[in-house]
Amino acid sequence: MTKVLIATEKPFSKQAVAEVSQVFKEAGFELDILEKYTSKDELIAAMPGVHGMIVRSDIVDSDIINAAPSLKIVVRAGAGYDNVDLAAATEKGVTVMNTPGQNSNAVAELVFGMLIYLNRNGFNGTAGAELRGKKIGIHAYGYVGRIVALIAKGMGMKVFAYDPFVDRVVIENDGVTCLQTIEELYSICQYISLHIPANQETRGSVNEALLSLMPEGATLVNTARKEVIDEAGLLKVMAEREDFRYLSDIAPDCREEIEGKYAGRYFFTPKKMGAQTAEANLNAGVAAAKQIVAFIENGENTFKVN
Ligand code: 3PG
């Protein structure tokens with residue numbers, strides 16, 4: 001019997017787990033669920049006999065892959081698959097997939113949640129600032145970036161985007177100004193929302209040179225990955241510019257320094273929670289389950305990333 005493991009250190013909602021379980025029940029697959037585990041050893045212990053695996057930001061490295069010789073497929077229920085060692089998976093003939101777009105709305109909504117929280121001074125009763133009429137730059141126009149653009153336009157913001165991998169026409173059809181260089185984006189926009197994946201090219205790429213270009217009241221919102229920020233550069237800009245603010249879904253490694261020195265100029269979620277809504281859990285979890293069933297039964301590999 002095909003055995004699937006859901007390994008989520010940060011669990012899905014109850015409803016998502018129920019609906020995912022139903023997908024596997026109908027397929028006649030056995031399902032194991034490992035939630036809120038606290039050590040890699042616990043995950044390794046759950047691997048033997050597993051053919052398919054659903055994870056979120058859980059680390060799937062060669063130790064995990066090697067612990068299940070029967071493993072055929074890992075689906076990252078979400079967008080970013082930087083937590084999965086693709087080379088190790090490929091070496092063992094394990095297919096890796098993601099579920100693009102399924103949790104994007106949740107992430108996009110959090111961008112504005114954090115922006116409004118900071119702009120209203122943590123809801124402390126003092127006069128804050130509005131977003132209407134301000135310029136927002138979307139750094140990478142993928143699933144999340146597009147929804148951020150839509151919401152920003154609805155709020156009356158002026159929306160700009162930079163993405164060398166997306167056709168200019170796609171961006172402009174959304175009523176968004178497409179910029180040709182990243183420097184233009186950072187020079188023009190008071191608000192920058194990051195949506196680049198974390199990979200070899202992007203790690204540390206949001207650096208001092210770019211951040212220094214931002215106009216007065218500069219606010220960087222990071223719902224992507226902390227690794228894309230050059231934290232030394234960020235700290236330098238925060239030290240040099242009293243107007244510079246940083247919002248991030250998951251704290252940076254330099255959290256203590258920022259929290260110690262720059263009150264009122266930052267907000268960090270305690271745990272990555274951009275995709276942590278009932279709807280996103282359901283969409284991404286069920287998509288992942290269906291992808292596993294379609295792969296095992298018919299070799300369907302549309303969302304394969306390795
Ligand atoms: C993603 O890449 O899909 C998001 O960062 C969500 O990650 P999570 O599933 O760990 O919440």
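I began with the surroundings of Asn281: apart from neighbours within four places in sequence, Asn281 is in contact with Pro11, Phe12, Ser13, Ala16, Arg56, Ala275, Gln276 and Val286 (contact means heavy atoms within 4.5 Å). I note that the model is predicted, that local features need pLDDT of at least 70 and side-chain atom pairs pLDDT 80 or more, and that totals for chains, interfaces and linings use all residues. Residues are numbered from 1 along each chain as its sequence is written, and side-chain values use heavy atoms, without hydrogens and water.

I then checked the burial of Asn281, which is buried with a relative accessible area of 3% (buried is under 20%, exposed over 50%, partly exposed in between, with a 1.4 Å probe and protein chains only). I found a polar atom of the Asn281 side chain 2.7 Å from the backbone nitrogen of Ser13. I also found the backbone oxygen of Ala275 at 3.5 Å from a polar atom of that side chain.

I placed Asn281 in helix α12 (helices are DSSP runs of H or I with at least four residues, strands runs of E with at least two, numbered from the N terminus).

I turned next to the sheet, which is open, has 5 strands in the order β2-β1-β3-β4-β5 and pairs them in parallel (two strands pair if DSSP finds at least two bridges between them). I see β2 (30-35) and β5 (95-98) at the edges with a single partner strand each, so one side of each has no neighbour in the sheet. I counted 4 bridges between the parallel strands β1 (residues 3-8) and β3 (residues 52-55). I identified Gly52 in β3 as the bridge partner of Val4.

Technical notes. Polar contact = N/O pair within 3.5 Å; in protein donor to acceptor, adjacent residues only side chain to side chain.
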